[in-house]
Amino acid sequence: MTGAATYALLALPFFAVVAVVGVIAGVVAARRARAAGRSVSRGRRIALGTGLVAGVALLVMTIVFDNVIVTLRVVAYDPSRISGATIGAIPVEDLAYSIAAVVLLPALWVLFDRSGRRPAPERAPVSERATLPELPSAESEPNP
Amino acid sequence: MPGLYLAGLLVSLTGMAVLDARFRLFFWRAPWRAAAVMAVGVVFFMVWDVAGVALGIFFIGEQDVLSGVLLAPEVPLEELFFLLLLCYSTMNLVGFARPLVTRAVDRRRS
């Protein structure tokens with residue numbers, strides 16, 4: 001695989017994995033919220049809002065950090081395999097890592113939550129729709 | 001100066017740990033759960049890195065700030081710490097933003 005789209009296309013399979021994990025975490029979070037009698041839409045709004053706020057901050061930090069390491073030439077790119085669109089010294093494709101991180105990692109955080117293990121809740125209705133990952137809110141988690 | 005980048009990454013990771021401890025964001029909230037998120041995250045991004053190197057997209061440049069230790073061809077030791085920093089920064093940001101967003105959402109709903 002060569003060509004200017006190589007770096008961008010490389011992100012696709014990884015984005016696919018991230019999307020699947022994100023949707024599963026959303027379903028799990030919604031099911032838990034229902035079982036606990038909490039509002040699903042509130043949880044979804046908190047999760048999306050948190051991802052947006054953290055995501056913007058992470059992108060800004062990534063742009064600064066990557067510009068430093070590319071300028072120091074810790075990492076270099078084959079110009080024939082990147083789109084050529086840059087932000088300062090970095091190819092825009094670099095931002096795919098941060099976008100993946102801000103969805104994948106909070107989704108794993110939800111999936112690895114074993115704190116609220118109760119007897120298995122009733123099966124959720126079939127009509128249940130996929131939602132984005134709910135990040136556990138401060139009050140939904142017992143303090144350590 | 002060889003090792004400069006690694007030193008910078010370690011300083012940054014220490015800073016993340018200080019913020020985490022101060023505000024109870026990630027490891028200080030649920031240590032094992034945080035460790036599992038970090039482990040899966042680092043492996044995921046390392047696979048991405050190795051694929052990028054294999055496709056010839058990126059490689060180590062003409063620099064003098066790396067330690068010289070390689071984990072794989074074109075994958076310096078520092079990349080492991082970079083990915084740890086990426087994952088830790090992400091989850092600290094998420095941990096910091098969540099209560100603020102929660103308050104904002106609840107204000108609007110009430």
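Helix H3 of chain A and helix H3 of chain B cross in a right-handed way; a crossing counts as right-handed if the near helix is turned clockwise from the far one by less than a right angle, and left-handed if anticlockwise. This is a predicted model, where local features need pLDDT of at least 70, side-chain atom pairs count only at pLDDT 80 or more, and totals for chains, interfaces and linings use all residues. Residues are numbered from 1 along each chain as its sequence is written, while chains are lettered from A and ligands numbered from 1 in the order in which they are written.

**Where the two H3 helices meet**
- The axes of H3(A) and H3(B), the latter covering residues 77-109, come within 9 Å and cross at roughly 65° (axes are lines fitted to C-alpha atoms, for helices over the stretch in contact, and angles run from 0 to 180 degrees between N-to-C directions).
- On the H3(A) side, the contact is made by A:Tyr97, A:Ala101, A:Val102, A:Leu105, A:Pro106 and A:Trp109; two residues are in contact if their C-beta atoms, placed from the backbone, lie within 7 Å.
- H3(B) answers with B:Leu86, B:Cys87, B:Thr90, B:Met91 and B:Val94.
- Sorted by class, the residues of this contact are ten nonpolar, one polar and no charged (Ala, Val, Leu, Ile, Met, Phe, Trp, Tyr, Cys and Pro are nonpolar, Asp, Glu, Lys and Arg charged, and the others, Gly among them, polar).

**A look at H3(A) itself**
- H3(A) takes in residues 95-111 and reaches 25 Å from its first C-alpha to its last, close to the expected 24 Å (1.5 Å times one less than the number of residues).
- There's a bend of about 30° at A:Ala101, taken as the angle between axes fitted to the seven residues ending there and the seven starting there.
- H3(A) is mostly covered, with 13 of its 17 residues buried (20 or more other C-beta atoms within 10 Å of a residue's own, with C-beta atoms placed from the backbone).

**The rest of chain A**
- Chain A has three helices and three strands, which are DSSP runs numbered from the N terminus (helices H or I, at least four residues; strands E, at least two).
- Their order from the N terminus is α-α-β-β-β-α.
- Just after H2(A), A:Arg73 takes a positive phi of about 60°.

**The wider interface**
- In total, 39 residues of chain B are in contact with 38 residues of chain A.
- H3(B) gives the most to chain B's side, with 15 residues.
- That side of chain B has 26 nonpolar, eight polar and five charged residues.

Definitions and conventions: Buried ≥ 20, exposed ≤ 12 C-beta atoms within 10 Å, placed from the backbone.
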